[in-house]
Amino acid sequence: MKKNVGNVERAARVAAGLGILSLVFILEGNIRFLGLLGIVPIITGSTGICPLYTTLGISTIKKPKG
């Protein structure tokens, strides 16, 4: 697959994913497992590929001028 997530957004996704993943350790009861959703932005940020962006035809990678 072709990369479609720009560098700034990749860093933001990884940071947000780590924040969401930390909920596993902060929350109590079964609700804490919602923190596992943080794995999704971590994976999309580290690979630079977002399947939803591919489906919608979106890319946040800057194209070279010229």
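A residue is called buried when its relative accessible area is under 20% and exposed when that area is over 50%. The legends below use these words for a predicted model.

View 1. The side chains of Glu9 and Arg13 meet in a salt bridge, with a distance of 2.8 Å from N to O, and the structure holds one salt bridge in total. Both residues belong to helix 1, which covers residues 7–21, and they are four residues apart, a spacing of about one turn of the helix. By the cut-off given above, Glu9 is buried, and Arg13 is buried as well.

**View 2. The charged end of Arg13 sits over the ring of Tyr53.** In this view Arg13, which also takes part in the salt bridge with Glu9, has its charged end 5.0 Å from the centre of the Tyr53 ring. Pairs between aromatic rings, by contrast, number zero in the structure.

**View 3. A nonpolar patch lies on the surface.** Eight side chains make up this patch, namely those of Ile20, Leu23, Phe25, Ile26, Leu27, Ile31, Leu34 and Leu37, and together they have about 770 Å² of accessible area. Helix 2, which spans residues 23–26, supplies the largest share of the nonpolar patch, with three residues.

View 4. Between Phe25 and Pro51, which are 26 residues apart in sequence, the distance in space is 28 Å from C-alpha to C-alpha.

**View 5. Lys62 is an exposed residue in the segment after helix 4.** Helix 4 runs over residues 51–56, and Lys62 is found in the segment that comes after this helix. With a relative accessible area of 77%, Lys62 counts as exposed. The C-alpha atoms of Lys62 and Ala15 are separated by 21 Å, while the two residues are 47 residues apart along the chain.

**View 6. The whole chain, shown for orientation, contains four helices and zero strands.** Taken along the principal axes, the C-alpha atoms of the chain fill a box of roughly 55 × 20 × 15 Å. Of the 66 residues in the chain, 26% count as buried, and Glu9 and Arg13 of View 1 are among the buried residues.

Note on methods: Residues are numbered from 1 along each chain as its sequence is written. This is a predicted model: local features need pLDDT of at least 70, side-chain atom pairs count only at pLDDT 80 or more; totals for chains, interfaces and linings use all residues. Side-chain values use heavy atoms; hydrogens and water are left out. Patches are made of residues with over 30% relative accessible area and no salt bridge: like charges are joined within 9 Å, nonpolar side chains (Val, Leu, Ile, Met, Phe, Trp, Tyr) within 5 Å. Accessible areas come from the Shrake-Rupley method with a 1.4 Å probe; for residues, only the protein chains shown count as cover. A salt bridge is a side-chain nitrogen of Lys or Arg within 4 Å of a carboxyl oxygen of Asp or Glu. Helices (H or I, at least four residues) and strands (E, at least two) are DSSP runs, numbered from the N terminus. Rings of Phe, Tyr and Trp (its six-membered ring) pair if their centres lie within 6.5 Å; planes under 30 degrees apart count as stacked, over 60 as edge-to-face and the rest as tilted. A charge sits over a ring if NZ of Lys or CZ of Arg is within 6 Å of the ring centre and within 35 degrees of the ring normal. Buried means under 20% relative accessible area, exposed over 50%, partly exposed in between (1.4 Å probe, protein chains only).
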